[in-house]
Amino acid sequence: MIGGCDAVALAQRFGTPLYVVDEARIRRACREYVQSFAQYYPKTRIIYAGKAFMNTAIVLLVMDEGLSIDVCSGGELHTALAAGCPGDEIFFHGNSKTPSEVELGLDAGVHRFVADSLDELRLIDAIARSRGQVANVMLRVTPGIEAHTHDYIRTGQIDSKFGIVIPNGDAMRAVAFAQNLSNVRLTGLHCHIGSQVFDVEPFVDAVSIMMDFAREARDQTGFVIEELNLGGGLGIAYNPSDEPISVQELAAAVGPALKGAAIRCGMPQPVLMLEPGRSIVGDAGTTLYTVNVVKHIEGVRTYVAVDGGMADNPRVALYQARYDAVLANKMNEPLGETVSIAGNCCESGDMLIWDITLPRVDVGDIVAVFCTGAYNFSMASNYNRHPRPAAVLVANGQAELIAKRETYADMCRLDVVPPRLLRACGHVAVGDNA
Ligand code: LLP
């Protein structure tokens with residue numbers, strides 16, 4: 001059962017693969033953030049990192065819980081606006097914004113741009129000036145923290161494509177540069193130390209490094225920090241052995257650390273901002289698949305091939321992520337065999353789970369993979385021309401579609417055939433271009 005709905009009935013009704021999103025879990029996670037930080041640091045703003053699961057209904061849901069939205073591209077900005085999110089609830093990120101994305105952000109009146117480099121500061125300033133506007137901008141810096149997580153999702157260290165480096169003086173020069181721009185108002189500092197982080201220490205260290213930097217910047221440039229954005233990164237339990245810290249523990253560590261740092265640095269307490277993505281939507285998602293093939297290789301292993309894979313969940317292939325699963329239609333049957341769940345893409349690396357013990361698996365069984373709410377829907381592709389799955393929101397025994405399943409026709413929708421190829425093949429029309 002997910003959100004009061006029978007998973008097997010959902011698979012029958014909506015087809016598989018299917019992303020199932022538990023509304024109550026998302027709401028609970030949002031409230032945990034809002035309430036925990038209200039307790040330890042009332043001047044906190046919680047901003048949902050849309051990249052984790054960007055969809056119109058999800059934006060509305062987190063807005064309903066009082067969260068603002070972090071977007072990192074024109075497409076995410078468009079989605080937030082399409083959901084009715086007011087511009088002043090939107091934070092515009094990204095390390096490589098185009099001029100037209102900056103224009104879109106200014107059109108929308110986004111609350112803050114987060115500039116990642118000197119070039120972005122220049123770009124935002126120039127475009128704002130050409131429109132007679134002043135853009136509110138936060139500067140993303142790299143505090144030099146090495147959070148213990150996968151290399152590809154680690155971002156706080158110095159050798160990173162993100163942010164401006166503090167220890168070598170680049171960040172200080174960037175603050176001074178921003179202070180001198182006429183159409184940029186520098187409101188605060190941003191950092192994001194990494195994702196799927198399991199300890200409070202890197203966050204607490206980030207607070208003190210960022211506040212020390214803010215004090216030096218005040219002394220050297222006159223910049224007054226109004227806002228400190230610590231990014232996202234809180235990890236979740238994908239497997240029973242994972243032991244992430246709770247939001248409450250994060251708040252209890254970060255809130256007092258920031259109060260203490262403000263006193264130590266002789267500065268007013270800045271507004272604290274957090275940008276959780278995974279810890280808002282991650283464990284709210286479950287993906288349902290149908291078993292197509294059970295292939296036993298005697299003395300080696302049993303491959304269970306399902307009707308989805310790296311196209312709907314690239315995280316295993318990309319980050320060696322480990323997931324847990326059950327057979328939704330055999331919840332009361334005893335565990336029997338250890339199998340490996342394979343995806344349906346033409347890649348040996350397209351595996352969803354290596355070595356998991358399940359009840360005896362048969363063709364037609366429904367595999368439910370847990371914790372797929374973050375970076376699955378949003379990172380899905382059409383590799384091998386697999387249509388992207390549908391997503392349903394479940395709550396109180398009701399299921400509602402929030403994203404339609406793509407169709408085969410969608411796979412060819414944007415294809416264009418030059419007429420000379422048609423002529424060469426002797427065709428008048430081909431496929432969906434007919
Ligand atoms: N803020 C910024 C500036 C970010 O870059 C990110 C994530 C977040 C907030 C949200 O982080 P979270 O709370 O979700 O950890 N695709 C990878 C994760 C990439 C994270 C990118 N940035 C994965 O599937 O593990």
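Domain 1 and domain 2 of this predicted model bury about 2000 Å² between them, with 57% of that area on carbon and sulfur atoms; buried area here is the accessible area (1.4 Å probe) that two parts lose on being put together, summed over both. The size of an interface is often given as the accessible area lost when the parts come together. The contact (heavy atoms within 4.5 Å) takes 20 residues from domain 1 and 21 residues from domain 2. On the domain 1 side, Glu-23, Phe-53 and Tyr-238 lose the most area to domain 2, together 28% of what that side buries.

Because the model is predicted, local features need pLDDT of at least 70 and side-chain atom pairs count only at pLDDT 80 or more, whereas totals for chains, interfaces and linings use all residues. Residues are numbered from 1 along each chain as its sequence is written, and side-chain values use heavy atoms, with hydrogens and water left out.

One salt bridge (a side-chain nitrogen of Lys or Arg within 4 Å of a carboxyl oxygen of Asp or Glu) is found across the interface of domain 1 and domain 2. The side chains of Arg-25 and Asp-283 form a salt bridge with an N to O distance of 3.1 Å. The count for the model comes to 26 salt bridges. Arg-25 belongs to helix α2 (residues 23-40) and Asp-283 to the loop between α10 (278-281) and β11 (285-297), 258 residues apart; helices (H or I, at least four residues) and strands (E, at least two) are DSSP runs, numbered from the N terminus. Arg-25 is partly exposed at 31% relative accessible area, as is Asp-283 at 34%, where buried means under 20%, exposed over 50% and partly exposed in between (1.4 Å probe, protein chains only).

Arg-27 and Glu-65 meet in a further salt bridge, at 2.7 Å from N to O. Arg-27 lies in helix α2 and Glu-65 in the loop between α3 and β3 (68-71), so the pair ties together parts that are 38 residues apart in sequence. Glu-65 is buried, at 13% relative accessible area.

Aromatic pairs are rings of Phe, Tyr and Trp (its six-membered ring) with centres within 6.5 Å; planes under 30 degrees apart count as stacked, over 60 as edge-to-face and the rest as tilted. The count comes to six aromatic pairs. The rings of Phe-53 and Phe-377 have centres 4.5 Å apart and planes at 10 degrees, so this pair is stacked. Phe-53 lies in the loop between β2 (44-49) and α3 (56-64) and Phe-377 in the loop between β16 (366-370) and β17 (390-395), so the pair ties together parts that are 324 residues apart in sequence. Phe-53 is buried at 2% relative accessible area, and Phe-377 counts as buried at 19%. Ring pairs link Tyr-19, Phe-53 and Phe-377 into a cluster.
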